[in-house]
Every structure is written in C-alpha cells, then in structure tokens.
Amino acid sequence: MTQRTDVVVVGGGQAGLAAGYHLRRCGLDFVILDADASPGGSWQHMWDSLRLFSPAAYASLSGRLMPTQPGETYPDAGHVVDYLTDYEKRYDLPVQHGARVDAVRRDGERLLVEAGSGTWRARAVISATGTWTRPFLPAVPGRGLFTGRQLHTANHRSPADFAGRHVIVVGGGNSGAQIAADLALDGSIRVTWVTQRPPRFLPDDIDGRALFDVATARRRALDAGRTDTGGVASLGDIVAVPPVRAARDAGLLTAKPMFSQLTAHGVRWADGSRAGADAVIWCTGFRPALSHLAPLNLRGPRGHIPTDGTRAPGEPRLHLLGYGDWTGPASATLIGVGRPARDAARDIAQAVSG
Ligand SMILES: Cc1cc2nc3c(=O)[nH]c(=O)nc-3n(C[C@H](O)[C@H](O)[C@H](O)COP(=O)(O)OP(=O)(O)OC[C@H]3O[C@@H](n4cnc5c(N)ncnc54)[C@H](O)[C@@H]3O)c2cc1C
C-alpha cells in the first residue's frame, strides 16, 4: 500500500533527526526512514576508542545540548549514540528503523519513495544518508596481491584484533591519526603510519571548536555575498585528542610518506625500501551514499548532486543534508547540521504551502 505524506526523510542519523526537529517546528507531516535497526546513525558502528574532536557542548543538535560525558572532555561514540537515542525519543520523531530506501522516483506532482517496508508518495524528500556505508579505497597497485588483512576505518573496532601484529595505517586525517595512536599505545602492536602529505596537528590547546569557527566565518561570508572563505574540510588538521597527544609525545606517531605499491607480504616505497605487514587499515575516507537517488539522474562531478544550499536545482523537491560542505558549511557535523536542516524545512514548508 502506498502512503502519503508531506516529506520523507531518508536516513535517521544526526542529519535526519535534525531535519525532523525542524520539519516538526514548521508543522509538516513527515516520516523518517532509517536503514539501521537502532538509533544513532553511523556512530553505533564506529571503533571502540573513537573520541569526538570537540567537547560535548560543541557537538549538539538544535534544541538540546549534548550532556558532558563524566570524566571525558571529548565524548566517545557510545555517548553520541545515547544522545541521539534520547533526542529521537524526546522530540517523538517518527523514525522507522530497519527501513532501507531503495529508490526515489518522480511520480507526477510527488516523489515516490520505495523502501523494503513500504512505499510513500511525498511532496518533498530530504536525503540524509551520510557517507559511512560507502567507504573509499584508493587505487593502489598490488592491492589484490597482499595476502594479509585489509580493512577500512568503517570495519575497524579494536586494537585487540591486532595483538602482536605489524599494522600499516594509511591516512593523515583524524581517523588515521586516532587509529594509529590507539594501536601504537597498545604496546604489543607495531604500527607504521603512512600519509600522502606530512600530517598537520592543530596546536594542543585548539580543538574542533576552531574548525567550527572556520565554518561560521564561511557561512557569514556566503550570507553577505562575499568571497567563499573555504570550508572545514579544507583545514584538514588533526585534533590532538588525548590518545593522539600521548602517542605523539611518546614518539609513536611519526608518519612515513605513502608507499607506491602493496606486495604479497607488505608494502614497497618508490625508493625501493620495503616493510612487511600483517594488516593494512585504510583510513582513506568515504563518499556520499546516494544510490537510492539514481533514478532521478542528478549525479554531477565527483559523484555529488549539484546543490543550491540544500536544494537540488535539478529536482527542486529534493534536499540533501549532511554529507559535507557541499550541502552547507559544516553540514556533516553535529553542531553544523542544525542550520541547513532548518533552512531545508523552511524551504519545503514554503513550497508546500505555495
Ligand atoms: C571517524 C569519524 C569521526 C567524526 N568525528 C566527528 C566529531 O568529532 N564531531 C562532529 O561533529 N562530527 C564528526 N564526524 C562527522 C559526522 O558528524 C559523522 O559522519 C555523522 O555520522 C554524519 O551524520 P549523518 O546523519 O549525515 O550520517 P550517518 O550518521 O551516517 O547516518 C545516516 C543514516 O542513514 C541511514 N541510511 C543510509 N542509507 C540509507 C537508505 N538507502 N535508506 C534509509 N536509510 C539509510 C543509515 O542507516 C544511517 O542511520 C566524524 C565522522 C567520522 C567518519
């Protein structure tokens, strides 16, 4: 049976919940369809020791401050899951879990949203499916030759999986630095950390708050019609959260340049030097999970869908939320998604009433 609603939100992570909060305030009828069986979005799948790069107050969605985690300046992923679970309940958001959306299609004046659990005809769709389900692996020669274990950030859980092994961690962002630090501090694991360019650590007294200041400056510049000052992603700096600082100070976190190929039992650099390895962890990022939007034929350069704010000009009933700076400054962060979510809800409310 096909159901009707004003808005279908695809994805019930932080971006989907932020959308729900603002859609409710705009008085719209909506449903949030989320593929995961339980609340928390991708935070429920992240590795055990992950720490946010900013304190709790700087990781809050609209309407409700994230409480501090006892004993921790930088909350862990479990704390974020608890916060999002509470947020969903507190605002009584109509989230259906275990509801993966397979396709969004044009259907006359409405959009047809097809999920395993049912079909909806909606006046608008907000896509908020994040990037976690699309890990990115770079094309590196010899990847198929390596006989050890290869995994991506998305599949890493704990140093216990690598006791006594030699692990190569690839990637100079926050994920690479945190995972390399986590493994190196274990004591039994030998870690080689490789990065494409020398890693840039933020000064120890500066954390993720500085990244949000950059995003705010950018938003103000855009609002005022001035030149784009560049997004959060352009900083690319590593926040020295306590484990990263500890490993760096112990001399355990010095990066080598990227190797040129994998071999059967390790890696080889362009100068001919080699290292054996039992495992390679690729901390090489993610791409937006947009396959459910394929029937709309909107894909532009770099696999993104062109946007004006959150709206897709190629299909004005579609909004994209989260994902990255291309859907709004800091849109892919807890504190940054509130504003684009509010703008998307207001835009839809206006379109629906007009
Ligand atoms: C390692 C790491 C560390 C980070 N640290 C921070 C930090 O410290 N502070 C910060 O603010 N941000 C941080 N971020 C960035 C950002 O906050 C997270 O990536 C966040 O999870 C993005 O939220 P989201 O709602 O856009 O996507 P997700 O959390 O991925 O949620 C997407 C939801 O959509 C669902 N979904 C996917 N496809 C479908 C489909 N076809 N149909 C239905 N549902 C679907 C999924 O099941 C999921 O529940 C970090 C990101 C990573 C990867």
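**View 1. Helices α3 and α5 cross at roughly 65 degrees.** In this predicted model, the axes of α3 (residues 174–184) and α5 (residues 242–249) come within 8 Å. Axes are lines fitted to C-alpha atoms over the stretch in contact, with angles from 0 to 180 degrees between N-to-C directions. Helices are DSSP runs of H or I with at least four residues, and strands are runs of E with at least two. The crossing is left-handed: the near helix is turned anticlockwise from the far one by less than a right angle.

**View 2. Residues that join α3 to α5.** A177, Q178 and A181 of α3 meet P243, V244 and A247 of α5. Contact means heavy atoms within 4.5 Å. By class, this contact has five nonpolar, one polar and no charged residues.

**View 3. The shell around the ligand.** The ligand is surrounded by 30 residues (a heavy atom within 4 Å). The closest are D34, D36, S42, F53 and A332. Helix α1 (14–25) and strand β2 (30–34) each supply at least two shell residues. The shell has 17 nonpolar, ten polar and three charged residues; Gly counts as polar.

View 4. A backbone N or O atom of A332 lies 3.1 Å from a ligand oxygen. For a polar backbone atom of L334, the distance to a ligand oxygen is 2.9 Å. Alone, the ligand exposes 980 Å², and the protein buries 91% of that (Shrake-Rupley method, 1.4 Å probe).

**Notes.** Residues are numbered from 1 along each chain as its sequence is written, and side-chain values use heavy atoms, without hydrogens and water. Local features need pLDDT of at least 70 and side-chain atom pairs 80 or more, while totals for chains, interfaces and linings use all residues.

Notes:
A polar contact is a pair of N or O atoms within 3.5 Å; within protein, one must be able to donate a hydrogen and the other to accept it, and residues adjacent in sequence count only if both atoms are side-chain atoms.
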